[in-house]
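This report is a guided reading for someone meeting the structure for the first time.

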Amino acid sequence: MSFENYRQLTLSRRANGVLLITIDRPEKYNAADEQMHAELANIWKDVSADRDTRVAVITGAGKAFSAGGDLAMVERMAGDYHRVSHMLSEMSDLVYNMINCEKPIVSAINGVAVGAGAVAALMADIAVMAEDARIGDGHVKLGVAAGDHAAIIWPLLAGMAKARYYLMTGDMVTGTEAERIGLVAKALPREQVLDEALRIADGLATGAQQAIRLTKRALNNWVRGAGPIFDQSAAYEMLTFLGPDVVEGYTALREKRPPRFPSAQS
């Protein structure tokens, strides 16, 4: 299979059928615009179908894994029913395509991961994170409900108490803390993250392929069982994109000031 149509994901084939996927928009800290979001949603179907790929590793170019949604994209979506409807479908594809990908996925979280970046980071089967990197779901700080991947995977990984805290406050988690609470499998010094992810991928790629893939499929039934929760959370996120709080959220970010959400004013 050819991956030549991808523009913001750089793909390179390594030994033993390991495919390295690099989120490649470093000048924007790998923030996801419409093009990148679509590519992140679609790549996993292609990985699953590609006979030459046994394991995929995803990382970010430069200092970041992915710094969330591009603010210009957020502005274009706010109040736009058709864009919001499209994004609802596409965010579902991103989550479910990762769950249903036949091949194991390893994430090498080399820097900040927010929004769609956090989806790719935490929906991976095995996540390796830099100790000083930060990951989080900042939707509520933007004025929209925590959607994307949050409700489907955070409670399973970190437990309900931690999920409630981090998703309702929007606080970020360091790699060290993420490992402690079970959000990621390993936390290492930043310079070791990609090498360790590739080492894990190589072990998976040279292991018993059917056994590994069927183990992934069975384990992901825990995640599939939470599918209705994810579907609801995604719809809630898109609903709040049609309200006034998100306008104040992105305006405050543009102006680098604390937001004054209309829903919080007396």
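## How two helices pack

To compare helices, an axis is taken as a line fitted to C-alpha atoms over the stretch in contact, and the angle between two such axes runs from 0 to 180 degrees between N-to-C directions. The model is a predicted one, and in it helix α3, residues 81-100, packs against helix α10, residues 209-225, at an angle of about 150 degrees, with the two axes 9 Å apart. Because angles over 145 degrees count as roughly antiparallel, α3 is roughly antiparallel to α10.

On the side of α3 the contact is made by Met 98, Ile 99 and Asn 100, and on the side of α10 by Lys 216, Asn 220, Val 223 and Arg 224. Sorted by class, the residues of this contact are 3 nonpolar, 2 polar and 2 charged.

## The largest pocket

The largest pocket has a volume of about 1000 Å³. Its lining is formed by 38 residues, and those that lie nearest its centre are Ala 67, Gly 68, Gly 69, Val 114 and Leu 253. The elements that contribute two or more residues to this lining are α2 (71-77), α3, α5 (139-142), α11 (227-240) and α12 (245-255).

Which element gives the largest share of the lining of the largest pocket? That element is α2, from which 5 residues come. By class, the lining of the largest pocket divides into 21 nonpolar, 8 polar and 9 charged residues.

## The second largest pocket

The second largest pocket has a volume of about 510 Å³. It is lined by 24 residues, of which Ala 124, Asp 125, Ile 126, Leu 219 and Asn 220 are the closest to its centre. At least two lining residues are supplied by each of α3, β7 (126-130), α6 (150-158) and α10, and α10 gives the most, with 7 residues.

The residues that line the second largest pocket divide into 19 nonpolar, 3 polar and 2 charged. Asn 220, one of the residues closest to the centre of this pocket, is also one of the α10 residues that make the contact with α3.

## Around strand β2

Strand β2 covers residues 18-23, and Val 18 is found in it. Is Val 18 buried or exposed? Val 18 counts as buried, because its relative accessibility is 4% and the limit for burial is under 20%. Leaving aside neighbours within four places in sequence, Val 18 is in contact with Ser 12, Arg 13, Val 55, Val 57, Leu 198, Ala 201, Asp 202 and Ala 205. The C-alpha atoms of Val 18 and Ile 105 are separated by 9.9 Å, although the two residues are 87 residues apart along the chain.

Asn 16 is found in the loop between β1 (9-13) and β2, and it is partly exposed, with a relative accessible area of 33%. Most residues other than glycine have a negative phi. The phi of Asn 16, however, is positive, near 65 degrees.

Not counting residues up to four places away in sequence, Ala 32 touches Arg 25, His 37, Ser 66, Gly 68, Gly 69, Asp 70, Met 73 and Ala 116. Gly 68 is 36 residues from Ala 32 in sequence, and their C-alpha atoms are 6.1 Å apart.

## Asp 70 and its surroundings

Asp 70, one of the residues that Ala 32 touches, lies in the loop between β4 (66-67) and α2, and at 12% relative accessibility Asp 70 counts as buried. With residues up to four places away in sequence left out, Asp 70 touches Arg 25, Ala 31, Ala 32 and Asp 33. The C-alpha atoms of Asp 70 and His 37 are separated by 9.9 Å, and the two residues lie 33 residues apart along the chain.

How values were computed. Residues numbered from 1 in each chain as written. Predicted model: local features only at pLDDT ≥ 70, side-chain atom pairs only at ≥ 80, totals over all residues. Heavy atoms only, no water. Helix = DSSP H or I, 4+ residues; strand = E, 2+ residues; numbered from the N terminus. Parallel < 35°, antiparallel > 145°, perpendicular 65-115°, else oblique. Contact = heavy atoms within 4.5 Å. Nonpolar A, V, L, I, M, F, W, Y, C, P; charged D, E, K, R; others polar. 1 Å grid on protein atoms, 1.4 Å probe; cavity = no way out; pocket = protein on both sides within 12 Å on 5 of 7 lines; lining within 4 Å. Points joined across faces, edges and corners; volume = space filled by probe spheres on them. Buried < 20%, exposed > 50% of the residue type's maximum accessible area, 1.4 Å probe, protein only.
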